[in-house]
Amino acid sequence: MKHIFMFSGKRQVIRKGEHPEVEAALYGWFLQQRSAHVPVSSEILRTKAKQFYERITGKSDFLASSGWLDKFKKRHGIRFLKVCGEKLSSDVSAIVPFQEKFLAVVNEMKLSREQVYNADESAAFWRALPDTTWVHSQEKSAPGRKIPKDRVTFMPCCNAAGTHKLPLLVLGKSANPRAFKNATLPVKYKATSKGWMTRTLFFEWFKTCFIPDVKRFLSDVNRPHKALLLVDNAPSHPPETEINFDPDLRVMFVPPNCTAVL
């Protein structure tokens with residue numbers, strides 16, 4: 001069944017499943033949130049749509065499905081935008097010299113893909129707002145807010161062949177989290193004052209986790225106990241002169257501002 005309805009001064013055809021008053025309330029709320037630069041996700045839109053529907057009609061039979069949401073966004077010109085995305089300024093001139101140096105070390109040590117590793121930290125900001133949002137047709141950018149510092153840092157490490165993955169290193173602020181009581185963790189957990197990586201922690205991980213785990217794996221696959229670990233040039237990593245104490249288990253740092261490209 002179709003009905004004729006005047007919406008925003010325009011004559012529109014209303015089809016089954018469409019609710020003009022609900023849409024008007026939802027779109028008005030959406031514009032209000034975006035004027036305050038509040039990120040709005042699909043789940044938030046669907047939840048608010050159901051709330052407005054129940055408030056306006058007194059019913060609770062509206063599902064606000066994904067299909068309905070897609071049509072709502074299309075009708076109002078709503079599109080997806082990343083909040084404050086970063087544009088990396090890479091030092092292109094340092095890429096080729098590093099590649100040549102890396103290949104020279106691999107050839108010198110006679111390493112296979114199973115003997116070349118990469119480790120890199122990342123963080124879960126568990127109290128941060130989403131960094132993407134739906135925006136209306138007039139918005140050209142989506143300004144963000146300062147990210148909360150509450151975080152958990154984790155560092156995966158794997159060889160280039162994908163045949164050896166070390167236990168995940170996880171860094172938190174609490175030395176003895178209650179959730180870990182009487183639990184067998186599948187990760188290596190360490191605590192720091194801010195939940196960040198430090199030079200001391202990285203050196204400890206390299207010496208007590210990386211070296212013995214890699215040697216054990218190389219013995220299992222009948223490879224010489226030689227390996228190369230690639231990491232980025234972060235201040236939380238010890239300098240090459242300090243961490244390269246074993247000539248057969250070396251660490252190489254990627255040049256600054258090249259990680260994303262390499």
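Modeller: Happy to. Let me begin with a definition: a helix axis here is a line fitted to the C-alpha atoms over the stretch in contact, and an angle between two axes runs from 0 to 180 degrees between N-to-C directions. Please keep in mind that this is a predicted model.

With that in hand, take α2 and α3. Their axes come within 11 Å and cross at roughly 100°. Angles of 65 to 115 degrees count as roughly perpendicular, and α2 and α3 are therefore roughly perpendicular to each other. On the α2 side, the residues that meet α3 are Ser 42, Leu 45, Arg 46 and Ala 49, while α3 brings Ser 66, Trp 68, Leu 69 and Lys 73. By class, the residues of this contact are four nonpolar, two polar and two charged.

Now turn to α1, which spans residues 20-35, against α3, which spans residues 66-76. Here the axes come within 12 Å and the crossing angle is roughly 70°, so α1 and α3 are also roughly perpendicular to each other. The crossing of α1 past α3 is right-handed. Glu 23, Leu 26 and Tyr 27 are the α1 residues involved, and they meet Trp 68, Phe 72, Arg 75 and His 76 in α3. That contact divides into four nonpolar residues, one polar and two charged. Trp 68 is worth a click in your viewer: Trp 68 is listed in the contact of α3 with α1 and also in the contact of α3 with α2.

The loop leading from α2 (42-57) to α3 holds Ala 64. Most residues other than glycine have a negative phi. Ala 64, however, has a positive phi, near 50°. Is Ala 64 buried or exposed? Its relative accessibility is 1%, so Ala 64 counts as buried. Asn 222 belongs to the loop between α5 (199-220) and β11 (227-232), and Asn 222 is exposed, with a relative accessible area of 71%.

The C-alpha atoms of Val 251 and Leu 229 are separated by 4.7 Å, although the two residues are 22 apart along the chain. Leaving out residues up to four places away in sequence, Val 251 touches Phe 206, Leu 228, Leu 229, Val 231, Glu 240, Ile 243 and Asn 244.

With neighbours within four places set aside, the contacts of Arg 250 include Val 105, Glu 108 and Met 109, along with Ala 227 and Leu 228.

To place all this in the whole, the protein has six helices and 12 strands. Of its 262 residues, 36% are buried. Among contacts with a separation of 6 or more, 63% join residues 24 or more positions apart. The protein exposes about 16400 Å², with carbon and sulfur atoms supplying 54% of that area.

Conventions
Residues numbered from 1 in each chain as written. Predicted model: local features only at pLDDT ≥ 70, side-chain atom pairs only at ≥ 80, totals over all residues. Heavy atoms only, no water. Helix = DSSP H or I, 4+ residues; strand = E, 2+ residues; numbered from the N terminus. Buried < 20%, exposed > 50% of the residue type's maximum accessible area, 1.4 Å probe, protein only. Contact = heavy atoms within 4.5 Å. Areas by Shrake-Rupley, 256 points an atom, 1.4 Å probe, with all protein chains shown as cover. Parallel < 35°, antiparallel > 145°, perpendicular 65-115°, else oblique. Left-handed = near helix turned anticlockwise from the far one by under 90°. Nonpolar A, V, L, I, M, F, W, Y, C, P; charged D, E, K, R; others polar.
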